Amino acid sequence: MAGDNPKGPPPPFGFETRAIHAGSRPDPVTGARNTPIYQTTSYVFEDAEHAADLFNLQTFGFIYSRLTNPTVSVLEERLANLEGGRAAVCAGSGHAAQFLTFFTLLEPGDEFIASRNLYGGSITQFGLSFKKLGWTCHFVDMTDPENIRAALTPKCKAIFLEILANPGGIVLDVEPIAAIAREAGIPLIVDNTMATPYLCRPFEWGADIVVHSTTKFLSGHGTSVGGAVIESGKFDWAQNDRFPTMTQPEPAYHGLTFFETFGDFGFTTKARAVALRDFGPSLSPTNAFYTITGIETLHVRMERHVENALKVAKFLDGHPAVDWVSYAGLPSSPYHALANKYLPRGAGSVFTCGLKGGYDAGVRMVETVELFSHLANIGDTRSLIIHPASTTHRQLSPEQLRAAGAGPEVIRLSIGLETADDLIRDLDRALTA
Amino acid sequence: MHTLHYDDKDIRAILKSVRTIAMVGLSPKWNRPSNFAAKYLQGKGYRVIPVNPGQAGSEILGETAYASLDEVPGPFEMVDIFRSSEAAGPITDRAIALAADKGIQVVWMQLGVRNDAAAERARAAGLHVVMDRCPKIEYGRLFGELGWGGVNSGIISAKRPKMGG
Ligand SMILES: Cc1ncc(COP(=O)(O)O)c(C=O)c1O
């Protein structure tokens, strides 16, 4: 060689290949093919100098599993790869991943804007618990992106949304929202839990950070709570003076400047080296292992999740006991065109429907189904059902229930991988009971 | 300007053949990026000679610093440039002039540093040129360490990696 290769890089590997191989090579010492579970808290230093280099972040390596662990690293690299991002840091849950993200971005007194259509737990985390840390979240109806522009304040440092929202079959038009974030010079954060990178890759539409609850479709079998933060590597933290956390010397790290030193993986490095180090919501290696194993079949599972969800949604849509179905995969959905644009392989497998019989019919349904599991989760191989008004949203008033898309008549379904006809028969029996 | 692409096998070959690196713009401050890169490369067995006129005569990471490439005694195979893209031009020209004498084979410009005209001159003189890359990150990426920090190395392989690269 004399220089760069003008032919450019070789063709990229496909999603399926990367879902199985990214981040995980055979073990150089033993040849172990599958990723070992490194069930260890800590790692022996080569010598005192090596230890110092590791503590100063001057070399890559492992100190203590609150910060890094070789099994967790494989999951991190795999997620970064599948999202088309630069780097990732995992956390003990999706909520912990959100905390790491905002702790790294915000100072007390700072603000951010979030979609009003979010997983209920995120609304509580942002609206109530974050408030105690001095962070203010403005909730906005992002189905009209102009609402975001109107809500922006000089103290806003991020925009947060779920591209495919839990629970309601709502798809947001991310491209214009990304343009607003770019104009404002602040990062767009997308929770991609409901879609997974198989159905949608938010970085391709202008997102800067992606967060996941890996608890759901990524781990995929209802085994392991976990979360992840992924950065695109394209956000310029030095474009304005709003991100001193990235561009000014960090007192918690002897004056290290994270953006200058770590460049396009500076954000995740800082989230790990400060937020994860000091608050400690780490992912266990065993949970990482289950999640890695789950991701190896993500593409196959998501195809069937989507296929089954569409069959079930169509059935419910035509059922006399059902008032409405909110699934963006149905042509009648107001979000169908956006789903075709952002989720061409399918609109996920979580959706809601409204029962004509109201609250009592909802309670009767969750108690009558045989095959659907009545529980508070999504993204399992098993089909799941919940009646939000009598469970997760119990404490809300009727008006609040409706605003949250959880009115008394609403049932949320997460369609699993069982035989679709069996699921349909089970629902039919419960609806006509 | 076209997007630079370097084949992994070429970068790997450079990192395997080079042993001594003259690092132009190496800072004596421990928390500067150049110092980070030099310390890491030392840990991987490279000798890193500081070239920094403001530090000439003093020691950085245990090595004597020199004011210019001309003043470095003895051979070095690679020049790693931690300076602006404009400054990389004349530094590259000195590397070309000294290549035969010092055994220089590679001119490497750091992340964010790119000077296509200088690169063309170096290539014409028979030198390998890498621009807008960091040897620390490339080493970590190609020899399996970068992923330890959750960074996407882009490497997909079912081959058993050889220990120590
Ligand atoms: C879209 C979405 N984001 C975040 C979360 C929170 O994730 P975790 O339960 O892993 O903390 C959930 C959990 O239900 C979710 O559905």
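This is a predicted model: local features need pLDDT of at least 70, side-chain atom pairs count only at pLDDT 80 or more; totals for chains, interfaces and linings use all residues.
**Note on interfaces, sheet and local geometry**

1. Across the interface of domain 1 of chain A and domain 2 of chain A, one salt bridge is found. A salt bridge joins the side chains of K341(A) and E175(A), with an N to O distance of 2.6 Å. In general, side chains of opposite charge can pair when their charged atoms come close.

2. Polar contacts are also present between the two domains: domain 1 of chain A and domain 2 of chain A share 14 residue pairs in polar contact, with both residues at pLDDT 80 or more. On the side of domain 1 of chain A that touches domain 2 of chain A, the elements giving two or more residues are α1 (15–21), α7 (174–184) and α8 (196–199) of chain A. The residues of that side of domain 1 of chain A comprise 20 nonpolar, eleven polar and five charged.

3. As to the domains themselves, the assignment for chain A places domain 1 at 15–294 and domain 2 at 298–432. To their contact, domain 1 of chain A contributes 36 residues and domain 2 of chain A contributes 32 residues. The C-alpha centres of the two domains of chain A are 29 Å apart.

4. How much area is buried between domain 1 of chain A and domain 2 of chain A? The value is about 3000 Å², and carbon and sulfur atoms give 62% of it. Within domain 1 of chain A, the residues that lose the most area to domain 2 of chain A are Y198(A), L199(A) and F217(A); together they account for 26% of what that side buries.

5. The interface between the chains deserves a separate point. Chain B brings 41 residues to the contact and chain A brings 50 residues. The area buried between chain B and chain A is about 4000 Å², with 57% given by carbon and sulfur atoms. The size of an interface is often expressed in this way, as the accessible area lost when the parts come together.

6. Four salt bridges are counted between chain B and chain A. The side chains of R32(B) and E260(A) form a salt bridge, with N to O at 2.9 Å.

7. Which elements of chain B each supply at least two residues of the side that touches chain A? They are α1 (8–17), α2 (33–43), β7 (128–130) and α5 (135–142) of chain B. Of the side of chain B that touches chain A, α2(B) gives the most, namely five residues. The residues of this side of chain B divide into 19 nonpolar, 13 polar and nine charged.

8. A salt bridge links the side chains of D53(A) and K39(B), at 2.2 Å from N to O. This pair joins two chains, because D53(A) lies in helix α2 (residues 48–55) of chain A whereas K39(B) lies in helix α2 of chain B.

9. Chain A contains an open sheet of five strands in the order β8-β9-β12-β11-β10, with mixed pairing. Its edge strands are β8 (322–326) and β10 (373–374) of chain A, each of which pairs on one side only. Strand β11 (residues 384–386) of chain A runs antiparallel to strand β12 (residues 410–414) of chain A, and three bridges join them. In β12(A), R412(A) is the bridge partner of I386(A). As a rule, strands of a sheet pair through backbone hydrogen bonds, either parallel or antiparallel.

10. Two points of backbone geometry in chain A may be checked against the model. The peptide bond between N166(A) and P167(A) is cis, with omega about 10 degrees. P167(A) is placed in the loop between β4 (156–162) and α7 of chain A. T196(A), although not a glycine, has a positive phi of about 65 degrees, and T196(A) is found in helix α8 of chain A.

How values were computed:
Residues are numbered from 1 along each chain as its sequence is written. Chains are lettered from A and ligands numbered from 1 in the order in which they are written. Side-chain values use heavy atoms; hydrogens and water are left out. Domain bounds come from an automatic or database domain assignment. Contact means heavy atoms within 4.5 Å. Buried area is the accessible area (1.4 Å probe) that two parts lose on being put together, summed over both. A polar contact is a pair of N or O atoms within 3.5 Å; within protein, one must be able to donate a hydrogen and the other to accept it, and residues adjacent in sequence count only if both atoms are side-chain atoms. Helices (H or I, at least four residues) and strands (E, at least two) are DSSP runs, numbered from the N terminus. Ala, Val, Leu, Ile, Met, Phe, Trp, Tyr, Cys and Pro count as nonpolar, Asp, Glu, Lys and Arg as charged, and the others, Gly among them, as polar. Two strands pair if DSSP finds at least two bridges between them.
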